[in-house]
Each structure stands twice: as structure tokens, then as C-alpha cells.
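Subject: A structure for you to look through

Hello,

I am handing over a structure that I have been reading through, and my notes come after it. Please keep the viewer open while you read, and turn to each residue as it comes up.

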Amino acid sequence: MGYSDADAAELYDLLNRWGKSDDFYLTFVMGAGSVLDVGCGTGVLLARARAEGHTGRLAGIDPDVSMLERARRRVPDAEWVEGKAADITWLGEFDRAIMASNAFQFLVTDLEESLHRIREALVDGGRFVFGTRNPEVREWESWNPTNPYDVVDHNGRELRMIYHVEKVEGDVVTFTETTALRDDTPLRTDRASLNFPGVDTLNAVLTKAGFTIEAQYGDWSRGPLTSASENIITVARR
Ligand SMILES: C[S@@+](CC[C@H](N)C(=O)[O-])C[C@H]1O[C@@H](n2cnc3c(N)ncnc32)[C@H](O)[C@@H]1O
């Protein structure tokens with residue numbers, strides 16, 4: 001048994017349907033001539049941009065080969081690069097950099113270097129737009145086996161996603177996502193550590209990296225950021 005990386009990439013798209021956050025990011029993509037999607041995953045955002053008539057330069061970078069393969073098939077005329085944010089080598093080339101679906105939270109030990117690289121990839125005045133879950137809401141407390149999520153995959157397989165937080169250390173939450181059968185038989189387990197910086201930490205690290213914070217929102221309709229907001233949504237300018 002088991003569950004392949006290619007299947008997991010397909011499953012990712014089933015578990016992460018287009019939503020309000022994607023509409024938010026899409027307006028920033030459509031309004032820019034050149035866009036870099038950092039942690040682009042399966043390429044959903046840039047694929048939608050092309051489908052809606054974006055004719056400019058679109059590039060995505062992600063360390064997950066299977067996700068990237070799916071992105072490449074979706075938009076063959078975009079640039080798809082295997083790598084982490086800290087591996088970015090573009091210099092002064094993009095009007096926008098985006099990190100959608102909380103990809104930003106995967107920047108843990110290499111956060112400062114990643115921000116430096118993202119800034120370098122932007123033109124002067126270019127904007128970096130991303131969201132990160134607000135740690136004050138402590139969303140990870142609901143990521144436990146009593147809250148499984150049932151899904152039917154692209155092959156009609158009835159699956160159960162089971163989450164388990166292993167540890168919380170400072171701002172970093174380490175958890176597992178197990179893809180299982182409905183009787184809880186595990187097929188694969190993925191482990192990830194996510195960074196949950198609070199707004200003060202976030203703004204300090206952005207400022208240190210040379211960004212000016214242009215706007216910060218607490219929801220995808222551009223409502224104000226409060227301690228109860230689920231997300232910290234930032235537009236930062238090089
Ligand atoms: C939650 S997914 C978001 C994918 C995509 N942005 C979306 O909206 O569907 C997070 C992505 O970040 C990628 N990732 C993990 N570590 C990364 C890093 N250090 N730099 C860039 N991307 C990273 C993962 O491979 C994964 O595809």
C-alpha cells in the first residue's frame with residue numbers, strides 16, 4: 001500500500017479548492033506584468049491568471065517536484081523552478097512576488113535569507129504579497145485526530161486525513177498529516193514545521209530585510225487586522 005507523491009499532489013488540489021484568498025491574490029497577479037509565485041505548489045494561481053488573460057511573465061518556484069510537475073503540465077509557458085525561496089537567484093525582475101495558501105509559514109530556519117532573496121527578485125517598488133495564520137488564534141489546536149477530514153480522491157478512493165501536532169516550540173508548530181483509509185489504516189504520513197510569527201515579529205523581520213509595509217489586513221476582503229483575525233495579510237514593498 002502507500003500513497004505516491006504524484007497522488008498526493010493531485011489530492012492537494014482536492015483538499016485546497018479555490019477560495020477567497022485566491023481571489024485576493026489573483027487581483028495582485030492580474031495587476032502586474034511579471035509575477036513570481038514562491039511556494040507555487042501545483043500552480044493553481046498562475047494557471048488561473050493565464051486562463052483569465054494574463055499575457056506577461058509568470059514564474060513559480062517550489063521544492064516539491066511532484067507539485068511542480070503538475071504546475072508544469074497546467075501552464076507550459078510559465079517558468080517553473082525547483083527550489084526553496086532561499087534558493088532564488090532572480091535579480092530585479094518581478095513586479096510582484098506572492099506566497100499563497102500560507103506557503104510563507106514554511107519559512108522557518110531560512111526566513112531571513114528567503115526574504116532577502118524574494119526582495120532581490122523584485123524590481124524597485126515591487127510588492128511582496130502573502131498571508132500567514134495569526135498565532136493569537138492558535139489554529140493548530142484544532143489539528144488533532146478528533147478532527148479528521150474525509151475526502152474522495154481523484155481515483156475514487158475514500159480517504160481520511162488525520163492531523164496530529166507533535167510539538168509547539170516558540171513560534172514553530174510541528175505536525176503530521178496522515179493520509180489514511182476510512183478505517184484509519186495509514187497510507188502515508190507527511191511531517192511539516194510551520195512558522196507562526198506574530199505581527200510584531202513579522203514586521204521586524206520584513207523591515208530588516210528591506211521591505212516597507214504598505215498594507216496589512218485581517219481578512220481577504222481587506223478588513224482591518226485585529227488580534228482575532230485568522231490571518232495576517234501583508235503587502236510589502238521593496
Ligand atoms: C500549503 S502549500 C501552498 C501551495 C500554493 N502556493 C497554493 O496556493 O496552493 C505550501 C507550499 O510551499 C512549498 N514550500 C515548502 N518549503 C518551502 C520553501 N522553503 N520555499 C518555498 N516553498 C516552500 C511546499 O512544497 C508547498 O508546495
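Let me start with a term: contact, or touching, means heavy atoms within 4.5 Å. Please keep in mind that this is a predicted model, in which local features need pLDDT of at least 70 and side-chain atom pairs count only at pLDDT 80 or more, while totals for chains, interfaces and linings use all residues. Residues are numbered from 1 along each chain as its sequence is written, and side-chain values use heavy atoms, with hydrogens and water left out.

**Serine 34**

With that term in hand, look at serine 34, which touches Arg57, Glu93, Phe94, Asp95 and Arg96, not counting residues up to four places away in sequence. Serine 34 is found in strand S1; helices (H or I, at least four residues) and strands (E, at least two) are DSSP runs, numbered from the N terminus. Is serine 34 buried or exposed? Serine 34 counts as buried because its relative accessibility is 9%. The cut-offs are under 20% relative accessible area for buried, over 50% for exposed, and partly exposed in between (1.4 Å probe, protein chains only).

A polar atom of the serine 34 side chain also lies 3.4 Å from the backbone oxygen of glutamate 93. Along the chain, serine 34 and threonine 55 are 21 residues apart, and their C-alpha atoms are separated by 9.2 Å.

**The ligand**

Around the ligand there are 16 residues, of which Tyr12, Gly39, Asp62, Ala85 and Ser101 come nearest. To be counted here, a residue needs one of its heavy atoms within 4 Å of the molecule. Tyrosine 12 has a polar side-chain atom 2.9 Å from an oxygen atom of the ligand, and aspartate 62 has one 2.6 Å from a ligand oxygen atom. Alanine 85 takes part through its backbone: an N or O atom there lies 2.9 Å from a nitrogen atom of the ligand. The ligand taken alone exposes 600 Å², and the protein buries 88% of that.

Next, find isoleucine 118 in helix H5 (residues 111-121). Its relative accessibility is 0%, so isoleucine 118 counts as buried. Leaving aside neighbours within four places in sequence, its contacts are Val38, Ala85, Ile88, Ala97, Met99, Phe128 and Phe211.

In soluble globular proteins, nonpolar side chains tend to be buried together.

Threonine 42 is in the loop between S1 and helix H3 (44-51). Threonine 42 counts as buried because its relative accessible area is 1%. Its side chain makes a polar contact with the side chain of aspartate 13 (2.6 Å).

Which residues of helix H4 (residues 65-74) are buried? They are Ser66, Met67, Leu68, Arg70 and Ala71, and they pack against helix H1 (5-15), S2 and strand S3 (79-82). Aspartate 64 caps the N-terminal end of H4, with a side-chain oxygen 3.0 Å from the backbone nitrogen of serine 66.

**Two arginines in loops**

Finally, look at arginine 138, in the loop between S5 and strand S6 (149-152). Its phi is near 55°, a positive value in a residue other than glycine. Arginine 222, in the loop between strand S10 (212-217) and S11, has a positive phi too, near 65°. Arginine 138 counts as partly exposed at 42% relative accessibility, and arginine 222 is partly exposed with a relative accessible area of 41%.

Happy exploring!

Terms used:
Polar contact = N/O pair within 3.5 Å; in protein donor to acceptor, adjacent residues only side chain to side chain. Areas by Shrake-Rupley, 256 points an atom, 1.4 Å probe, with all protein chains shown as cover.
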